[in-house]
Amino acid sequence: MTSSVLSDFGDFWRLVVDVWETGVFGRSIGELLTAATIFAVFFALRGLFTRYVLAVAERWTARTSNIFDDALRNAIAGPLQFLFLVLGIFFTTQYLDFSGKTELLAENVNRSLIVIAIFWGLRNVITPIGRLLSGFNHILTPEITHWLITGGRAGILLVGGATVLQIWGIQVAPIIAGLGLFGVAVALGAQDLFRNLIGGISILLERRFGIGDWIKVDSVVEGMVEKIGFRSTLVRRFDKAPVYVPNQKLSDNAVTNFSAMTYRRVSWTIALEYRTTHDQLRRIRDAIETFLMEHEAFVQPPEAALFVRIDAFRESSIDLMIYCFTRTTVWGEWLALKEELAYRVKEIVEREGAAFALPGRAIYVEALAPRPEEIATERSAKAEIGAPRRAAAGE
């Protein structure tokens, strides 16, 4: 009995050894465990690199006033961490020493991972380069810079994807040729898309407006620009409703950019009553002009026009024109200045004993002398009315 158990145990042990040596896909369990250990080492090195090297780089860049190094560190941190995984997979496959089709598969995987790491880093580096381009605002607007960054990142992704396809033996040229023929067919049905794209480019090149500007396009939209896309522009109306306007409409129509104003205009017509005397008119005009000339918030000549003049004699009023500009172009501040001016105008008019005219019309009725036949008719009517009264009185 004992010898039978020992014999069975020996068979089991030989089976365990055979499984250990045969392993999976022709690799022993020991080799697979060693390969897993190699990958685990590089994974641990990735964690140490993140914890120490990148942490030191973050502290170093935080001490500098330059934002480019911070953006560059954030851009390359992900690809560098991914590179440790690529190294782990490479050394793991090198240790396992594949052959035949498995070797070709492992090589393609390693090549593909290296290409992904490289183009991932290049794509991320585009962002800090865009921060450098933002310093050339006199040449490139922020919107153009954003388009260049977006186009550059998309181009790098396309090149990287084509490189990976080439590694796996997929020819890119026939695909591009097929897309070209397909593109011709699509272009015929996507003319509006290309028109809007060209319209967006013209908007950026002409610098009609930028993000954050207050614009108005008659019969289209009025509001604040939030985003200029390849096809449409997002404009937020003052009621907070978003409006997506095709770029073609913004490039073909007249656009009023209120944010580009140097000064903001105030143009009023004050209607005074005709009973206002000559001296009152002169004092009112001089007082309003003095207020505008002494107020620092209003632009003084010759920087901008400033007029306070008796303008016209209307049907029911004498019109006083006020034409000036404020230094601020902010809507709320401009409204506050207009309110202050309105208070002062009313104070001056009331102080001088004058009044504002209301729209009205006077009707004059001329009394005419009665004709002889009308006098005779009136007398006969009075006689007829008086006869019954005399009879009742006994006359």
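Modeller: Before we start, rings of Phe, Tyr and Trp (its six-membered ring) pair if their centres lie within 6.5 Å. Keep in mind that this is a predicted model.

Colleague: Thanks! How many aromatic pairs does a search of the whole structure find?

Modeller: That search covers the whole structure. The number of aromatic pairs it finds is 11.

Colleague: Which kind of pair do Trp214 and Trp331 form?

Modeller: Their centres are 6.2 Å apart, with 55° between the planes. The two lie 117 residues apart, with Trp214 in strand β1 and Trp331 in helix α10. Planes under 30 degrees apart count as stacked and over 60 as edge-to-face, so the rest are tilted. The Trp214 and Trp331 pair is therefore tilted.

Colleague: Is Trp214 buried or exposed?

Modeller: Happy to check. Buried means under 20% relative accessible area. Trp214 has a relative accessible area of 11%, so Trp214 is buried.

Colleague: And what is the angle between the planes of Phe238 and Trp331?

Modeller: Phe238 sits in the loop between β3 and β4, 93 residues from Trp331 in helix α10. The ring centres of Phe238 and Trp331 are 6.1 Å apart, and the pair is tilted, with the planes at 35°.

Colleague: Which residues does Glu352 contact, leaving aside its neighbours within four places in sequence?

Modeller: Glu352 is found in the loop between α10 and α11. With a relative accessible area of 16%, Glu352 is buried. Its contacts beyond those neighbours are Gln280, Arg283 and Ile284.

Conventions: Residues numbered from 1 in each chain as written. Predicted model: local features only at pLDDT ≥ 70, side-chain atom pairs only at ≥ 80, totals over all residues. Heavy atoms only, no water. Helix = DSSP H or I, 4+ residues; strand = E, 2+ residues; numbered from the N terminus. Buried < 20%, exposed > 50% of the residue type's maximum accessible area, 1.4 Å probe, protein only. Contact = heavy atoms within 4.5 Å.
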